[in-house]
Amino acid sequence: MSNENPGIGLGADDAEMKRGPLGRWVNTAIKNPDRAYRSMFYVAMVFFLVTTLFPFYWLLVLALTPNNLISNMGLLPKGFNLTVFIEMFQRVPFHWYMFNSFVLGITTTVLVLLIASLAGYVFGRLRFPGKGILMLGILAISYFPPAAFLIPLFELFTGNTAISIGSVTVSSPDLFNTPAPMVFPFSALFLPLSIFILTTFYGQIPDGLEDAARVEGTTRLGALFRVIVPLSAPGVATAGVLTFISVYNEFFFSFLMNNGEAGSWAPIVAGILKYQGQFDTPFNLMAAASIVGVLPVAILVIIAQERIVSGLTAGALKE
Amino acid sequence: MGDVKLEHVSKHYGDVTAVDDMNLEIQDGEFICLVGPSGCGKSTTMEMIAGLTIPSEGEVFIGDREVTNLPPKDRGVAMVFQNIALFPHMNVYDNISFGLRLRNYDKEEIQRRVERAADVVQLEGMLERMPDEMSGGQRQRVAIARAIVRNPGVFLMDEPLANLDAKLRVHMRTELQRLHKELDTTIIYVTHDQAEAMTMSDRIAVIDSGRLQQIDPPLVCYNEPANLFVAGFIGSPSMNFLDGEVTDYGFESTYINVEFDPAEIGVEVGTDVTMGIRPEDVYLIEDERQVANPSHQIDAMTDVLEPMGDEIFVYLKLSEEAHADLEDATGVINDQLLMSVSPDTDVEEDEDVTVILDRTRVHLFDTETGKALSHGIESMVQASGAPGTEAESDD
């Protein structure tokens with residue numbers, strides 16, 4: 001029998017014995033899918049951890065290795081040169097670049113939160129014709145590539161655009177090397193996302209609370225900032241953090257709207273490039289600067305996460 | 001001061017009319033209940049007094065000021081909301097003092113006023129708590145304290161007790177009455193619960209589908225309802241209604257006839273009328289001596305009994321096919337009658353009984369327009385004049 005049809009005979013009779021460890025694992029996973037899900041979860045987690053954390057590790061490896069030894073790098077640093085974190089501030093006033101980045105980020109965030117709060121109130125709490133189309137318009141604008149605006153905005157902010165009204169010609173102000181040509185485009189670019197976040201949050205605050213505030217003596221605007229915004233704290237924090245990080249990470253406008261000097265409001269990106277001299281490229285200093293530059297945002301996210309997770313609205317109303 | 005006047009006020013939302021030509025005059029210090037079924041426009045009316053909604057037409061006056069388009073903060077009103085609406089991010093002290101702080105009172109004055117308000121609603125020692133640490137009744141009291149702390153001319157209360165449990169609701173009802181006595185300000189109170197309206201108010205304004213149906217003291221609304229709607233809405237359980245016609249001999253319907261002289265109460269022969277009689281004005285034949293002016297005897301069969309403790313509701317079938325279904329508040333069901341008898345009465349289900357009506361308590365309404373024609377057939381000499389004209393003026 002077995003000679004005539006060996007394949008079927010083996011498979012049918014000796015199934016348990018012929019399976020290896022993988023076969024047994026597959027068998028239990030089919031019977032108990034939770035195991036499969038759990039292992040998939042671990043695989044995905046390890047993948048994301050490695051892909052997000054490895055670059056930081058690599059920066060650390062580069063920073064700790066003296067610059068003259070940076071070639072044919074392995075996974076371990078060739079040396080342990082901690083003075084690089086002091087040298088990076090001596091070679092370039094990196095703290096000023098960081099200060100500039102903070103000023104740009106905070107100004108933009110404040111501006112965005114202010115405008116997005118007003119917009120979010122209107123979209124989230126009022127009913128008017130054309131609301132859907134306006135929302136769609138904001139969504140559409142948020143998908144415009146920022147690079148498309150670069151040249152016209154550069155012309156505008158460097159004072160090269162002039163409008164003639166009759167005999168009077170008004171030329172645009174020269175704002176190059178000031179925060180304005182960065183803050184305004186940033187605000188415009190990052191507004192739509194904040195508007196969407198705040199619209200959802202403000203829309204969920206019960207009407208009764210706003211009415212109560214208005215009867216108690218606030219205007220609509222007062223009710224927005226005294227009641228609706230504090231109660232939407234997680235949403236406002238989310239919008240603010242996302243905006244701040246986006247500005248902190250931004251490249252195009254940050255790079256092109258100033259001459260790259262710390263005194264010209266150039267942010268971190270210019271600072272890192274500033275290390276590159278005519279005759280050398282100190283990779284270790286650049287790596288160290290990158291790590292220092294990332295730290296504030298990492299800390300901000302860790303702190304803000306607590307804030308975002310902790311809901312403030314518990315027990316808001318007896319519904 | 002605290003008198004409120006609405007003149008020809010209407011509110012339209014697109015094609016929907018929420019409030020239709022409302023005229024109201026509320027005296028200073030009065031406790032008025034706006035009562036009506038859900039969606040009748042009573043809350044919209046209140047919002048227009050508060051300024052949260054701007055009327056489409058008409059004018060609103062508070063005191064001697066025209067306030068139709070003023071924002072709520074400038075109207076000198078305070079409001080207690082159905083969902084209580086305490087600011088969840090502030091403690092009790094901050095909640096109560098919210099309005100005062102906005103008006104830049106000094107710290108000592110705020111402190112003094114908050115403590116007095118907390119004293120009135122018995123909230124001493126809880127000023128540091130957050131709203132989510134308090135019970136429903138306590139929160140409601142904070143909301144009331146927040147309203148009274150500013151000494152407003154007018155109090156608006158939008159179903160403030162709707163979310164409390166039954167026992168607390170009865171308790172808060174008496175507290176509100178005490179508060180009204182103490183403060184002596186105008187209170188406008190919205191509710192869909194006619195029992196609340198009956199027990200608390202000086203006058204009840206009954207509203208249906210955006211129109212004012214009747215505004216009168218509670219007992220007048222109960223005893224002399226201006227129309228079918230008011231008759232059916234005020235009183236629980238609701239009034240019995242039977243459709244019939246006026247003949248030379250009085251009211252005639254399929255099962256029940258009530259004798260009277262049509263000329264004497266000013267009803268034309270041949271008019272389609274609806275007769276209304278409250279359950280407590282239907283008596284068993286054994287209790288005939290309690291009725292000064294009984295009607296004909298009516299044969300009926302008991303259907304379902306609802307013993308309430310202090311009384312028994314008896315559903316009576318006037319014909320074999322009748323079903324016990326009196327859910328519809330204003331529904332006219334011609335072959336059934338609801339009777340309330342004292343708890344020691346000896347009745348059983350599915351028993352043949354004979355009942356009589358108290359003729360002085362029979363109401364007649366025009367079936368077509370719903371207007372009241374007469375309240376009490378024997379006492380019509382006194383009754384027909386006053387309520388008849390009132391019904392006219394209110395519509």
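Trainee: In what sense do strand β7 and strand β8 of chain B pair, and over how many bridges?
Mentor: β7 (residues 154–158) and β8 (residues 186–191) of chain B are parallel, over 5 bridges. Strands here are DSSP E runs of at least two residues and helices are H or I runs of at least four, numbered from the N terminus; two strands pair if DSSP finds at least two bridges between them.

Trainee: What are the ground rules for the model and numbering?
Mentor: It's a predicted model: local features need pLDDT of at least 70, side-chain atom pairs count only at pLDDT 80 or more, and totals for chains, interfaces and linings use all residues. Residues are numbered from 1 along each chain as its sequence is written, with chains lettered from A and ligands numbered from 1 in the order in which they are written.

Trainee: Back to chain B, what is the strand order of the open sheet?
Mentor: Its 6 strands run β6-β7-β8-β3-β9-β10, with mixed pairing. β6 (77–80) and β10 (211–216) of chain B are at the edges with a single partner strand each, so one side of each has no neighbour in the sheet.

Trainee: Which strands does helix α4 of chain B lie across?
Mentor: Helix α4 (residues 136–148) lies across β6 and β7 of chain B, at about 175 degrees to β6(B). Axes are lines fitted to C-alpha atoms, for helices over the stretch in contact, and angles run from 0 to 180 degrees between N-to-C directions.

Trainee: Switching topic: how many residues of chain B are in contact with chain A?
Mentor: 24 residues of chain B, against 22 of chain A, where contact means C-beta atoms, placed from the backbone, within 7 Å. On the chain B side, β6, α2 (92–102) and α4 each supply at least two residues.

Trainee: And in chain A, at what angle do α9 and α12 pack?
Mentor: α9 (residues 180–204) and α12 (residues 233–249) of chain A pack at about 160 degrees, axes 9 Å apart. That makes α9(A) roughly antiparallel to α12(A), a label for angles over 145 degrees. Residues meeting there include Phe186(A) and Phe190(A) from α9(A), with Val236(A) and Leu242(A) among those from α12(A).

Methods:
Two residues are in contact if their C-beta atoms, placed from the backbone, lie within 7 Å. Angles under 35 degrees count as roughly parallel, over 145 as roughly antiparallel, 65 to 115 as roughly perpendicular and the rest as oblique.
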